[in-house]
Structure formats: C-alpha cells, structure tokens
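Thanks for coming, everyone. Let me put the structure up, and then we'll walk through a few residues.

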Amino acid sequence: MCLPQAGDAGAQFVREIQAKPSLGLKPVFFLDDDWKKHGHSIHGISVLGAPEDIPKLRKEYQIEACVLAMPSAPGKRLQEIYKVLSA
C-alpha cells in the first residue's frame, strides 16, 4: 500500500493500521509533493518521492492499493494524482 501524502493525515492512518495488524494492511511507502520530506521516514515508513513517481515504483513494489490522505489538497491536484494512479 502506498500513501500519497506524508503529512498528519497519512501519519495518523499509518499509526491506526500499525495498531491493528488484524486488518491485514501493510504500509509500504509514502509519497509527498514536498521534496523536503523525500528520503525521510514517518513511523518507520519511507517517503520515497512524489505521487508522479508511482509508475516507476509500481515496478519495484507489489502495490495493491493506494490511500490518498490529502485533506487540504485542491480538487485539481487530487484529479492529477488520480490520473497517475489510474494509468
């Protein structure tokens, strides 16, 4: 599972699923528009790049789902990311 946003909402989501292993979800990496977060980790999950990197990362990781945790993102940005995820 990739998480295209390494902010508060993404961090909270990871805390929740790590606290409930019975859900069977495994966060693999974060993506974030903020390049300053790239190379860092949040709750042990690496921030690998931007949402536009998903085509490259699909080749390296077995991604079954992505969670958009971007509550303050404008609709246009969400549509851009959705197009990248849908390609």
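Start with isoleucine 63. It counts as partly exposed because its relative accessibility is 24%. On the cut-offs: buried means under 20% relative accessible area, exposed means over 50%, and partly exposed lies in between, with a 1.4 Å probe and protein chains only. Isoleucine 63 sits in the loop between α2 (54–60) and α3 (75–86). Helices (H or I, at least four residues) and strands (E, at least two) are DSSP runs, numbered from the N terminus. Now look across to glycine 24. Isoleucine 63 and glycine 24 are 39 residues apart along the chain, and their C-alpha atoms are separated by 14 Å.

A word on what you are seeing. This is a predicted model, where local features need pLDDT of at least 70 and side-chain atom pairs count only at pLDDT 80 or more, while totals for chains, interfaces and linings use all residues. Residues are numbered from 1 along each chain as its sequence is written, and side-chain values use heavy atoms, with hydrogens and water left out.

Next, aspartate 32. Find it in the loop between β2 (29–31) and β3 (41–42). Is aspartate 32 buried or exposed? Buried, because its relative accessible area is 2%. Its side chain reaches the backbone nitrogen of aspartate 34 at 2.7 Å. Aspartate 32 also forms a salt bridge with lysine 37, with the closest N and O atoms 3.6 Å apart. By salt bridge I mean a side-chain nitrogen of Lys or Arg within 4 Å of a carboxyl oxygen of Asp or Glu. Lysine 37 is partly exposed, at 26% relative accessibility.

How many salt bridges does this rule give? The count comes to 5.

Let's move to arginine 77. Its side chain meets that of glutamate 52 in a salt bridge, at 2.7 Å from N to O. This pair links distant parts of the chain: arginine 77 is in helix α3, glutamate 52 is in the loop between β4 (45–49) and α2, and they are 25 residues apart. Arginine 77 is buried, with a relative accessible area of 14%. Glutamate 52 is partly exposed, at 40%.

Arginine 77 has another partner. Glutamate 80 forms a salt bridge with arginine 77, and here the closest N and O atoms are 3.0 Å apart. The two are 3 residues apart in helix α3, so about one helical turn separates them. Glutamate 80 is partly exposed, at 34% relative accessibility.

Last point. Which residues are linked in a network of salt bridges? They are Asp33, Glu52, Arg77 and Glu80.

Note on methods. A polar contact is a pair of N or O atoms within 3.5 Å; within protein, one must be able to donate a hydrogen and the other to accept it, and residues adjacent in sequence count only if both atoms are side-chain atoms.
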